[in-house]
Structure formats: structure tokens, C-alpha cells
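My entries follow in the order I made them.

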Amino acid sequence: MAKKKKRSRAYVFLSYFLRAIVLILGVVIIGLTVVLIKQVHSAKAAEKDNVSDEAMLSDTQTDDLLTAQGSEDTTEAASTEAEDVLFENTVAAEPDHSVPVLVMNGTEVAGLAAAWKTKIEALGYTNVSTGNYTDGGVTTSKVVIGEGLNADDIMSAVSGATSEVGDGANINTDVEKDGIKIFVIIGTYNDIVSGQ
């Protein structure tokens, strides 16, 4: 009987000892996981910052900047030119409300383009026309903006829309599009007519 008590005491000791080791290892693993996640997150953030800094200047702008900085006889002019090149694409001009805008209905909802025409005219645009997008049903609205133009106010009004810079040559519509600078294709997510 004495042997049995010794075994049970040893068993109890070992079972508590093993539980303590498992608990300690669990805490260490959780701690290391948190540290690893923080390092990965900070590395991704640093990589994103580097990519956005490099993407600010195109090759021609970088060459212009280096050329401008290299000329010794016009230091002040070079500095001004370098600043112009650096901030050319980062400072957006105010929207030009006189440019021609074409609002197209990309859905089966009648009157959707006309309703959005009214909303865009309320933003101050004075040359807005309507039509139908003929390449099938559109779910997500899209705004195609002419080179060098700003349509931030339209983008804010047409919530969730995607945007791209272009001349609209690949857009199929049932109306004339010559001279149009901003194309707005309204999809079902921006249905303000049927209330969906």
C-alpha cells in the first residue's frame, strides 16, 4: 500500500508539472505570434510607403527633376521647375463644370440617366447629356474622366463607382459621344429611381 501512495503522489506531481509546462508554452506561442504579426504589419506598411513614394514620379518627371537640379546657372529657376514637376500630379485642379458630361443608364431601370443628370447638374455642371450604355447590364457604376480633368465631385456623388482616365473610345452608347470629356455609366448599385 505504501508503494501505491508514492506512485499516486508522483503521478499528481507529474500531471501538474506537465500542465504548467503546457500553459507556459501556450503563453510563449501566443506572445511570439503577436510579435510576428506586428513585424509583418509594419513591414507591409513600410513597403506600401516606399511604393507610393516611387510611384509619385514617372520616369520623364524624374529625368526632368534631375536635369533641373543639375543645371548650375539657373538655380532658382531649376528649383521652381523641380517643384512644378514634383507636384504636377499631386495637386488636383478644381473641377471644370463647363466640360461636356454624358450620363448613361447601364441598367433596365427607365429614367435612371435623367435622374442622375439632375443630380450632376446640381453639382454645377452646365453641359450634361444622357444616353444608354449598350454593352449590357452594369452593377457597379463607372466614371471615365478625360486626361487632366478633375471629377472628384461626381465621384463623391456616385458612391462606390470605379474610375479611370480615358477618352471613352471603348464606351458603347446609343448617342453621339464626340467632344464628351466625362462619361458616367450608372449601374444598379446607384439606382435612385426605383428606390432599391
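How many residues of strand E5 (residues 182–186) are buried? I noted first that the model is predicted. I then found five of the five E5 residues buried, so I have the strand down as mostly covered.

Entry on the faces of E5. I looked up which way its side chains point. Ile182, Val184 and Ile186 point one way, and Phe183 and Ile185 point the other way. I recorded residues on both sides as buried. In a regular strand, side chains alternate between the two faces of the sheet.

Entry on pairing. Which strand pairs with E5 in the parallel sense? I found E1 (residues 101–105), with five bridges. Val101 is the residue opposite Ile182 of E5. I also found E3 (residues 142–145) paired with E5, here in the antiparallel sense and over four bridges. Val143 has Val184 in E5 as its bridge partner.

Entry on packing. I looked up the largest nonpolar core, which has 19 residues. Val101, Val103, Ile120, Tyr125, Ile154, Ile182 and Val184 touch the most other members. I listed E1, helix H4 (112–122), E3 and E5 as each supplying at least two residues of this core. H4 gives the largest share, four residues.

Entry on Ile154. What does Ile154 contact beyond its neighbours within four places in sequence? I found Ile120, Leu123, Tyr125, Val143, Ile182 and Val184.

Last entry. I noted another core of nine residues, lying apart from the largest one. Its members include Leu102, Val138, Ile171 and Ile180.

Technical notes: Residues numbered from 1 in each chain as written. Predicted model: local features only at pLDDT ≥ 70, side-chain atom pairs only at ≥ 80, totals over all residues. Heavy atoms only, no water. Buried < 20%, exposed > 50% of the residue type's maximum accessible area, 1.4 Å probe, protein only. Pairing = 2+ DSSP bridges. Core = buried A, V, L, I, M, F, W, Y, C linked by side-chain atoms within 4.5 Å. Contact = heavy atoms within 4.5 Å.
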